[in-house]
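Me: I'd like to go through this model and ask what sits behind the labels. Can you take me through it?

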Amino acid sequence: MDNSVKLSLAHMGGREQYWIDQAFKTGWIVPLGPNVDEFERLLGDYLGAPGRVVALSAGTAALHLGLVMLGVEPGDEVICQSFTFSASANPVKYMGATPVFVGSEKDTWNMDPAVLDECIADRVAQTGRKPKAIIPVHLYGMPAKMKEILAVADKWEIPVLEDAAEALGSELDGHKCGTFGRFAALSFNGNKIITTSGGGALVCPDAESATRVKFYATQARENRPYYYHEVIGYNYRLSNVCAGIGVGQMEVLDEHVARRREIHGLYKQLLSEAQWIKVMDNPSLNFASNFWLSTITIDSKTGRTPDELRLFLAEKEIESRLLWRPMHMQPVFADAPYYGAGGVEEQLFDTGLCLPSGSGLSDAQIERVARTIIDFGGKQ
Ligand SMILES: *Cc1c(COP(=O)(O)O)cnc(C)c1O
């Protein structure tokens, strides 16, 4: 028997194959069709954004088209959270723009609103121009402090492109992540809350911009009998076959989110006796993370590193993962300006670990992970 515990595997609900078969039966083996329409409708209903969700081939594509829609041009600056996966920042470079990285605050591990404000003031002072967009991220599903971030964004009149790739089902003040920014990107990669095997979506402010996003995503073909192009297009639509998986997954989205939260609760309970570990949690009742990944930090006084724990777990066939290495610490972004908030994300990178969190994991598996962690470091 396979005894291994993985970080976050795709978890099927059971009806995905039916919708894939529908695509085959009806001949819609193309990047549009009834499954794509239905998946967009379900996402729109779920987010309270009917007619404003466009299914795309990846979350990265969604972020890219978000920047296209916001009119980012070569030479522009775009502010991005430093503590994130590289896919948040790469699309800035696709546009020929420069990412400007902002550090995190301790409560949510996401963009620090006060530092964001200082950063914008300084960019304006230095370059005489405002950054074109702001990309906050809801890391590991934890909502960023959007109220404060939006207040800063509104003050400077800079649009927000929300990276909600990890946060489908998370809520802040009772509002779903993916509904705060002018645009918001979702991901349905294999390891996310729900998957289309690979895919994403862009949530748009109105039906008109959704239509425009679809236009860009299908090679920007103008409405003429021959192929005619006024702007550069992209091939970013989601396949109707993959969208079938998404339609099936929407039936179990709520269950998946509930299970991830349950797993987080189990970790909290099982690891509570280990004083040297802190399980990351909602900072207050206003925050409701989907706990896409449950994460811990190790007290640095123990002298143990998260990579030692990762290797110890790996020996027992338990997959874990170090936290994202901040973007301002990546060689590829070495030249990008960075505005720190006291090194919060650098310290998190040094002390943190993501634990197996897939919604398909059993209580027994989570208990084995927790036991193994306690074997590594004791209770103290
Ligand atoms: C997964 C992810 C993305 C990219 O999504 P893909 O569908 O893999 O392209 C972007 N940002 C964050 C924070 C992610 O975790």
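Me: Which residues of α9 are buried?

Reply: Leu-253, His-256, Val-257, Arg-259, Arg-260, Ile-263, His-264, Leu-266 and Tyr-267. Buried means under 20% relative accessible area, exposed is over 50%, and partly exposed lies in between (1.4 Å probe, protein chains only). Keep in mind that this is a predicted model, where local features need pLDDT of at least 70, side-chain atom pairs count only at pLDDT 80 or more, and totals for chains, interfaces and linings use all residues. Residues are numbered from 1 along each chain as its sequence is written, and side-chain values use heavy atoms, with hydrogens and water left out.

Me: What do the buried residues of α9 pack against?

Reply: They pack against α2, α8, β10, β12, β15 and α12, with contact meaning heavy atoms within 4.5 Å.

Me: How do you know that the span of helix α9 agrees with what it should be?

Reply: The expected span is 1.5 Å times one less than the number of residues. For the 18 residues of α9 (253-270) that gives 26 Å, and the end C-alpha atoms are 26 Å apart, so the two agree.

Me: Why is Trp-28 called partly exposed?

Reply: Because its relative accessibility is 34%. Trp-28 is in the loop between α1 and α2.

Me: What makes Cys-177 buried?

Reply: Its relative accessibility is 0%, so Cys-177 counts as buried.

Definitions and conventions:
Helix = DSSP H or I, 4+ residues; strand = E, 2+ residues; numbered from the N terminus.
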